Amino acid sequence: MKIKVLPALCAAAALCGCQTSNQTDYVQIGYGPSFDVAHAQCELQKRSVDQGYIAIGSPGFVAGAGIGNAIGNAIAEDDFMRNCLIISGWKRAPHGQAGAAAASVAIGASPTPYGIARAPGSWINTALLDWKDANNKCVAGDKAACATRAKLGAKLKSAGINPSPV
């Protein structure tokens, strides 16, 4: 019995050492609350994805069902946190790139997720901001900005978004 428990404990200890911190693994990809606020909001809701279990049988079967349920719940919570934080404007950075993004934010530079000008899937947000800038310049009399505004407006309309000045 002791021989079987020791390798299981060693494996569990090794796997626990692989966990990373959420805060250092996320970079800002859009507008929204600060990471601490977004993380807290998502953390409050993540337990809603947990599912209970009923197991009848031998003690080993019941224990295995409990462990399997706990692993399944942990995976569901992780998926929920990832998606909830994306909605709030935060996305996991590839390993090794979160530090560079955090450093650029610390010196006052706008966050550039993954070290590129914009994150995949964020073209709508970028296009809206560019359309707003072009609109302001067009109103001021810049003809080139009017052409840019028209191109961006057509692109946004094809995505189902009708930009208008506020």
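Colleague: Is the link of C42 and C84 left-handed or right-handed?
Modeller: The link of C42 and C84 is left-handed, with -85 degrees about the S-S bond. The model is predicted, so local features need pLDDT of at least 70 and side-chain atom pairs count only at pLDDT 80 or more, while totals for chains, interfaces and linings use all residues. Residues are numbered from 1 along each chain as its sequence is written, and side-chain values use heavy atoms, without hydrogens and water.

Colleague: How far apart are the sulfur atoms of C42 and C84?
Modeller: They are 1.9 Å apart, and the two residues form a disulfide (a pair of cysteine sulfur atoms within 2.5 Å). C42 lies in helix α2 (residues 35-45) and C84 in helix α3 (residues 59-87), so the pair ties together parts 42 residues apart in sequence. Helices here are DSSP runs of H or I, at least four residues long, numbered from the N terminus.

Colleague: Are C42 and C84 buried or exposed?
Modeller: Both C42 and C84 are buried (under 20% relative accessible area; exposed is over 50% and partly exposed in between, with a 1.4 Å probe and protein chains only).

Colleague: How many disulfides does the count come to?
Modeller: The count comes to two. Another disulfide joins C138 to C146, with 1.8 Å from S to S. The torsion about its S-S bond is about 90 degrees, so this disulfide is right-handed. C138 counts as buried at 12% relative accessibility, whereas C146 is partly exposed at 22%.

Colleague: Changing topic, at what angle do α5 and α6 pack?
Modeller: Helix α5 (residues 123-139) and helix α6 (residues 143-158) pack at about 150 degrees, with their axes 8 Å apart. Axes are lines fitted to C-alpha atoms over the stretch in contact, and angles run from 0 to 180 degrees between N-to-C directions.

Methods: Helix = DSSP H or I, 4+ residues; strand = E, 2+ residues; numbered from the N terminus.
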